[in-house]
Every structure is written in C-alpha cells, then in structure tokens.
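Work through the exercises below with the sequence and the model side by side. Try each task before reading its solution.

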Amino acid sequence: MPQPTSLAQRDHAVLWHPYTQMQTAPLPIPIVRGEGSWLIAEDGTRYLDAISSWWVNLHGHSHPAIAERVSEQLRTLEHVLFAGFTHPAAVELAEQLLALLPANQARVFYSDNGSTAVEVALKMVLQYFHNQGQPARRTFLCFQNSYHGDTFGAMAVSARGVFTEPFWPLLFDVEFLDVPVPGREAEVLAQLDVLLERPDVAGFIFEPLVLGTAGMVMYEPEVLSEMLRRCHRAGVLGISDEVMTGFGRTGPLFASELLTEQPDIMCFSKGLTGGTLAMGLTTCAAPIYEAFLSHDKMRALFHGHSYTANPVACAAALASLELTRADLCTQQRQRIEAGHAAFRQEIEGQPGIRAVRHRGTILAVEYDPGEGTSYFSRLRDAFYQLALDNHVVLRPLGNVVYLLPPYCTSKEELELLYAVLRRMHALVLDFIPAPNLPEILHD
C-alpha cells in the first residue's frame with residue numbers, strides 16, 4: 001500500500017479532527033503559514049480567515065509584536081508550577097485585566113481553555129454555597145441553545161442536542177430559560193421569577209448579548225441587567241461566559257461593560273492570547289473568594305491544571321492586550337462595525353433572508369431555505385464550499401452564516417466577505433453569479 005505523501009494525506013492517516021465524521025469528510029486543507037487575516041495553504045492558495053480561526057485570532061496571524069513577546073518569554077522562563085510558585089507575567093496579566101474589568105471583579109484563576117474556565121466557575125459557585133452551609137443550592141439556570149464548552153460541567157449547562165446526546169445520562173440537571181430576544185423580554189423575566197422562587201438555585205450562566213453557536217442570536221443589555229438584578233435579590237450568582245465576546249468583539253472591550261448590573265464571575269479564553277496559545281481564565285468577586293478562606297484546608301478550591309498560568313501564554317496575552325487597548329485597534333474595530341452595519345442595511349428584508357444580526361464586529365445572516373433554521377440545514381455544506389471556492393474560510397451554523405474577522409481585516413478584504421455572502425444569497429435564490437475574484441487572492 002503506497003505511503004501518504006501530501007500533508008493532507010499524512011494527516012488523514014494519523015489524526016482525528018473535532019466535529020468531523022472522519023469516514024466521509026474530505027481531506028483537510030493543509031495550512032503552512034499565516035499573515036494578517038490570511039491563511040496560506042501548502043500549494044500557495046490564500047484563504048481569508050473570516051471567523052478568526054474559531055473566534056480566537058484578534059490581530060491577525062503571526063503578529064510580530066506577540067511573536068516577539070513570546071520569544072522573549074521562552075528565553076526567560078517557559079513554565080513553572082503554579083501551586084506554591086508565581087511569576088511576573090501571571091501577576092502582570094491579572095493586574096491589568098482586573099483594572100479593566102467591572103469593579104467588583106477581584107481575583108483571577110488561570111486554566112487552559114474556555115471549557116475549563118467555565119468548569120472553574122461552576123465549581124466556584126457550588127463550593128461557595130457548600131462552604132457557607134448551603135449545599136442544597138446546586139441548580140444552574142441557563143439559556144436554551146446556549147453553549148459553554150465540551151467538558152462535562154460545561155456540557156451540562158449547555159443546550160441538550162445531538163452533540164451531547166450520548167452523554168445526557170451523565171449530565172447534571174439544569175433549568176433552561178428562553179433567550180430574551182427583542183419582544184420576548186417580559187416573558188423570559190416571568191420565567192426567571194418562577195425559577196428564582198426555588199431554594200436550590202445557585203447560579204445563572206449566560207453568554208452576554210450574543211449566543212455564539214446558537215446562530216449568533218442576540219439580545220439587549222437592559223434585559224440581561226434586569227435578570228442579574230433579580231438573581232442577586234434571590235442570592236443567586238451570575239456567571240458571564242465572555243469566552244467569545246471578550247476583548248472587543250461586541251464593541252466595548254467586554255460585553256459586560258454594557259450592563260448596569262454586573263456578574264459575580266467571568267470566564268475568558270479564545271481572544272485572551274490573541275489566538276496565539278491556549279489559555280483560560282476565570283475572575284470572581286471578592287465575597288466568592290473570601291468564602292474559601294479558612295484555617296480548614298478542606299475549604300480550599302481543589303482545582304488546577306498542569307499548565308495553569310503558563311508564562312508563555314501569559315506573555316502572549318499581555319502582548320495581545322496591549323494591542324487591543326491601542327487606538328489603532330479601536331479604529332480597526334470601528335471600521336468592521338461600520339462595514340457590517342452598511343451591509344446589514346443593504347441585505348436586510350430581501351427575499352431569501354430571514355434575519356440579519358449585528359453587534360460590534362459580529363455579523364450573522366440567517367438565510368431562508370424554505371425550511372426551519374437548523375445546524376444541519378441542507379444548505380450548510382453548499383455554503384461552506386462556496387466560501388472555499390471564493391478563497392474564504394467560513395464555518396456556517398446550518399443556514400446561519402456569520403462573519404467574525406480579525407481586527408486587522410481591511411476594507412477591501414471586508415468587501416470580499418460581503419461579496420461571498422451575496423453569492424450565498426444568490427444560491428438560496430437558485431442563481432450564482434460568475435466569480436470575479438480580486439487580485440488580493442494571489443500570493
């Protein structure tokens with residue numbers, strides 16, 4: 001049997017990819033280089049990364065400022081255990097983040113990805129009440145169709161669906177609320193009031209303002225603030241999962257800045273290091289941290305990871321945060337936001353378009369294929385291939401197609417993305433115009 005020779009064939013011989021039916025999936029596209037908003041394949045083909053490689057990349061691929069900071073850290077200290085030890089980058093990052101987060105956030109707990117940041121938050125809530133002599137408070141409230149990760153606790157507080165069905169018997173029970181989309185706010189507040197009468201409710205976990213994998217479903221800060229107020233009156237803790245929305249995606253640096261009532265715990269990952277290295281982080285208010293303080297060692301939070309507060313990841317996060325806070329990044333985000341707003345005005349309400357949603361640098365178009373909205377829409381694969389044929393990386397959520405590009409994406413590059421969305425619209429209407437690709441596609 002001949003040995004695989006291409007990178008894609010070698011991959012297929014030894015690897016198992018996420019969210020992929022390996023028996024029927026085509027060979028993966030081998031990427032060997034990245035620069036700015038572009039990914040360059042083994043054969044030299046350039047692909048515009050319209051989704052920031054699963055929402056992680058903020059400033060463009062292979063950013064020299066982040067690379068230099070990482071290189072410097074690697075030559076200084078690559079790792080040290082974080083139990084009983086510390087290092088400058090971990091302290092600096094915590095200090096800088098706490099100065100930017102809502103004033104009630106007081107402590108930082110490091111982990112290594114979004115799911116583990118959520119696991120830490122859930123364990124904080126449960127043990128907070130356990131340490132206070134209220135172990136019966138262990139029920140979480142969540143939104144329908146929410147997603148908080150793929151570890152078991154994170155799956156439990158996420159939507160029940162085909163992705164988690166094999167594990168349902170092992171997931172703890174939660175109570176689901178409808179999403180308070182415009183026009184349904186009062187209905188959802190009434191649902192919340194009923195649940196808050198229960199004495200066993202411990203926490204309310206939410207994706208602030210945008211539910212990512214649900215199809216970039218959006219709701220307003222006013223209703224979320226009111227939900228948090230009612231939770232706090234009932235003694236229920238709020239967990240804001242800013243894994244996707246953090247670091248400028250919704251307009252301000254953090255979605256929680258738009259709230260008048262703040263969460264007790266916040267979770268971060270993805271853009272935390274600018275997409276450079278895996279890292280997770282959970283922050284909490286002072287009363288939560290203080291509930292673990294005791295002469296009794298058994299009241300400590302027994303959670304950790306081998307790579308907790310990895311110095312190289314912390315260095316990448318510090319470099320990315322510096323870039324994010326710069327005036328240039330603000331201008332870049334404003335450019336994307338303005339482009340999205342103009343495109344929304346152009347396409348909204350047209351035949352074949354069910355809805356257009358936009359907040360900050362996030363744009364989602366819900367196409368109408370004449371059937372219900374579904375992750376398994378018959379159009380999904382056609383949309384995906386159409387984007388690749390036009391040298392754009394998109395990952396449609398069924399018949400919902402979203403843009404979430406790196407902040408460095410230029411006006412010309414944005415126009416390429418909008419052109420692809422127009423072609424998807426034409427596909428829905430059973431007409432595809434001839435491609436007319438711009439020069440920026442050639443390496």
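This is a predicted model: local features need pLDDT of at least 70, side-chain atom pairs count only at pLDDT 80 or more; totals for chains, interfaces and linings use all residues.

Residues are numbered from 1 along each chain as its sequence is written, and side-chain values use heavy atoms, with hydrogens and water left out.

**Exercise 1.** Find K270 and describe its surroundings.

Step 1. Start with the record. UniProt, in an unreviewed entry, lists "modified residue: N6-(pyridoxal phosphate)lysine" at K270. Such positions follow the numbering used here, feature names are shortened, and annotations may be inferred rather than shown by experiment.

Step 2. Locate the residue. K270 sits in the loop between β11 (265-268) and β12 (280-285). Strands (E, at least two residues) and helices (H or I, at least four) are DSSP runs, numbered from the N terminus.

Step 3. K270 is partly exposed because its relative accessibility is 24%. Buried means under 20% relative accessible area, exposed over 50%, and partly exposed in between (1.4 Å probe, protein chains only).

Step 4. List the contacts (heavy atoms within 4.5 Å). Residues up to four places away in sequence aside, K270 touches W54, W55, V56, V243, M244 and G275. A polar atom of the K270 side chain lies 3.2 Å from the backbone oxygen of W54.

**Exercise 2.** Which strands stand at the edges of the open sheet of 7 strands?

Step 1. Write the order. It is β4-β12-β11-β10-β7-β5-β6, with mixed pairing. Two strands pair if DSSP finds at least two bridges between them.

Step 2. Read the ends. β4 (105-111) and β6 (175-177) each have a single partner strand, so one side of each lacks a neighbour in the sheet.

Step 3. Check one pair. β5 (residues 139-143) runs parallel to β6, joined by 3 bridges. C142 has F176 in β6 as its bridge partner.

**Exercise 3.** What is the order of the open sheet of 4 strands?

Step 1. The order is β1-β2-β3-β15, again with mixed pairing.

Step 2. Look inside. β2 (residues 38-41) and β3 (residues 46-49) are antiparallel over 3 bridges. W38 stands opposite L48 in β3.

**Exercise 4.** At what angle do helices α4 and α10 pack?

Step 1. α4 (residues 88-100) and α10 (residues 311-325) pack at about 35°, with axes 9 Å apart. Axes are lines fitted to C-alpha atoms over the stretch in contact, and angles run from 0 to 180 degrees between N-to-C directions.

Step 2. Find the meeting residues. Those in α4 include L93 and L97; those in α10 include L318 and L321.

Conventions. A polar contact is a pair of N or O atoms within 3.5 Å; within protein, one must be able to donate a hydrogen and the other to accept it, and residues adjacent in sequence count only if both atoms are side-chain atoms.
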